Structure formats: structure tokens, C-alpha cells
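Walk through this protein one piece at a time.

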Amino acid sequence: MYELSETNIYPCWHYGAGLSTSAATSISREVRYEFYLDQQSLGYVIASPHNLDELGLGYCLSEGYIQSPDEVATIDVDATSHRITLRRTSIHTATMQRRNSSSIIDTNTTSASIIGTVPQSSLIVGAAPTSSSIIDGAPTPSPHWTVTAKEICSYGTLLDSITKAHHISHGVHEGAIVKSGRVLAYAEDVGRHNVLDRLLGIVAKQHIDTTDTLLIFSGRVPDSVIRKVHRIGCPVLCSRAMPTELGITLADAYGITLVNKLRPTEFLVFAHPERIIADTHLTNN
């Protein structure tokens, strides 16, 4: 039988028809493991918590660390230390070099995507993120700034009004930084992380104050997206898609209001709803 991804029920707040009500919905589970090939750390993997041995084997094959499963002696997945270790039958230094002789870079904490030197897999990232590597230099979101639910809903069709690329190709992501109905910055790219890197570049180049802005986004929201939004400095992230567990946790820790399933008439909120002003107070279903 197939082993499928797991979900957990998370509390949230539903905004719609002028009402704010407490709700709950299923969120995909994800875990962070450090990945080792013999004694060398390849970085961290963020993935669904099943069949991690197969994930590790597949990554090493696709990235050229090994040429055949026969080179692998054991694959250990330690749930206590959160470590995946793939041990080869024999260690050849030359095979530790990837096909393009590049190193693994943490694309989640750098402000530029380097085509051809960053692994194309979005699962493996580099050094473990620390609070200093994420927070240093990032604007601090104001805990007192607020936005109305009506304004958030008004951005439900914003991205569609700017570009047709998504609907024509279904192959690009989009993002816009907005303030009081005005678009301050816009970017699109085939990669969702690239969209956020482009927006950060625009913000830096044009010296845009993001402390009272919203970021409207087309893509799913794992923790890697939250890290980049935190670096940009927008206190509110609104996405048409859903978050993951680690995305919710990080948004809560960084003080980012996390809005998902954004539509012209409704949305869900998973973190810091205190910034959102609704027509009525929160009620229980």
C-alpha cells in the first residue's frame, strides 16, 4: 500500500460575510531532519514525515552523490535526533563532488537564487537556520498596526488583475507588496522562493518601508516562505494557498499575521489575528 502524507487539525479564524468565527482545518505535517552521507552533512531536509529513507536515497541518486542503490550499505532514520544517515559500502572522495561541483546553499536564508549552483530540489537546504541568520537586518513588524478584513478581501483578485501569466501557463508564482490599496512592488517567477527574493531586491533597491504593508502571494506557505517574508519585513502575509505546520509555527514566532485561502469574500487566519479588524468580534462555531 502507499504511505500517504499525514495531517493535523489546526485552529484558525474564518473571515467572511462580515463575520469572524473560530474554526479548524487540516494542515499537512512536515518535519526537519539533518541529512548525512557517510560522515558529511548535506544540510537539512524539510519534508512529509514518511518514507524518509527513500527520500534520502532518491536525492543522492538524482544529485549524483551515488550512481546506484548498490552503493548504499544502510540508511538510518533517527526520530530522536532528527537525523537521516546514508552510509555507502565504500567511500570514494571523488563521488562526494556533485555533478556541477557546487556546494549546497541555504536558499531560504540568502537573498538571491543562483541558477546552476543551487540544488534544484527544494527539499535539501544548507546550514541549520538560526535566529540570528534569519532576524539580523530584517525590519521588525509593528504589533500595533492593523488592517480591516474588508481591505484584505479586496486583494482577493489583485494578482489576477496584474498578470495573465499564471492563468495562461499555470507555471508561475506571483507576489505583490501593497499598502492601502496601492501596489508598491510586484514580482513573478517560475519559483515561489524566487518571487520573494525578487520582492526583497525591489524593497532594498527602492528603500521601501514594509513595516505597514501586506504581501499578497500565490503559493503554498511552508516555513521557508515565512523566513523570506520575515526578511522582507511585511507584518501580514496573504496567500491564496494553504500553510504547513512549520509555516504556522514560524509565522507565530515571528509575529507575522498569516492569512490563507484568500478569496474576494473570505479567508482563514492561522497566526496573529489581532492585526485584523472585522465587523464583529470572534465567535465560536
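This is a predicted model: local features need pLDDT of at least 70, side-chain atom pairs count only at pLDDT 80 or more; totals for chains, interfaces and linings use all residues.

S1 and S2 form a hairpin, with two residues between the strands. One of the turn residues, Ala17, has a positive phi of about 55°. Helices (H or I, at least four residues) and strands (E, at least two) are DSSP runs, numbered from the N terminus. The pairing of S1 with S2 is antiparallel and runs over ten bridges. Two strands count as paired if DSSP finds at least two bridges between them.

Residues are numbered from 1 along each chain as its sequence is written, and side-chain values use heavy atoms, with hydrogens and water left out.

Now look at the other neighbour of S1. Strand S1 (residues 7-16) also pairs with S14, in the antiparallel sense, over four bridges. Tyr15 stands opposite Phe267 in S14. Trp13 has Val269 in S14 as its bridge partner. In a regular strand the side chains alternate between the two faces of the sheet.

S14 itself covers residues 266-271. How many of its six residues are buried? Five are, and the strand is mostly covered. Here buried means under 20% relative accessible area, exposed means over 50%, and partly exposed lies in between (1.4 Å probe, protein chains only).

S14 has a further partner. Strand S13 (residues 257-260) pairs with S14 in the antiparallel sense over three bridges. Asn260 has Leu268 in S14 as its bridge partner. S13 and S14 form a hairpin too, with five residues between them. In that turn, Lys261 has a positive phi of about 50°.

Strand S9 (residues 173-179) and strand S10 (residues 182-189) pair in the antiparallel sense over seven bridges. Ala176 has Tyr186 in S10 as its bridge partner. Lys179 stands opposite Arg182 in S10. Two residues lie between the strands, and Ser180 in the turn has a positive phi of about 50°.

Next come the helices. Two packed helices are described by the angle between their axes and the distance between the axes. Helix H7 (residues 223-232) and helix H8 (residues 245-254) pack at an angle of about 25°, with their axes 7 Å apart. Axes are lines fitted to C-alpha atoms, for helices over the stretch in contact, and angles run from 0 to 180 degrees between N-to-C directions. H7 and H8 are therefore roughly parallel to each other, since angles under 35 degrees count as roughly parallel, over 145 as roughly antiparallel, 65 to 115 as roughly perpendicular and the rest as oblique.

Which residues meet? From H7 come Asp223, Ile226, Arg227 and His230; from H8 come Leu246, Gly247, Leu250, Ala251 and Tyr254. Contact means heavy atoms within 4.5 Å. Several of the H8 residues are buried, among them Gly247, Leu250, Ala251 and Tyr254. Just after H8, Gly255 takes a positive phi of about 75°.

Val225 also sits in helix H7. It counts as buried because its relative accessibility is 0%. Leaving out residues up to four places away in sequence, Val225 touches Arg192, His193, Leu196, Phe217, Arg220 and Leu237.

Finally, the overall totals. The protein has eight helices and 15 strands. Of its 285 residues, 47% count as buried. Of the contacts with a separation of 6 or more, 52% come from residues 24 or more positions apart.
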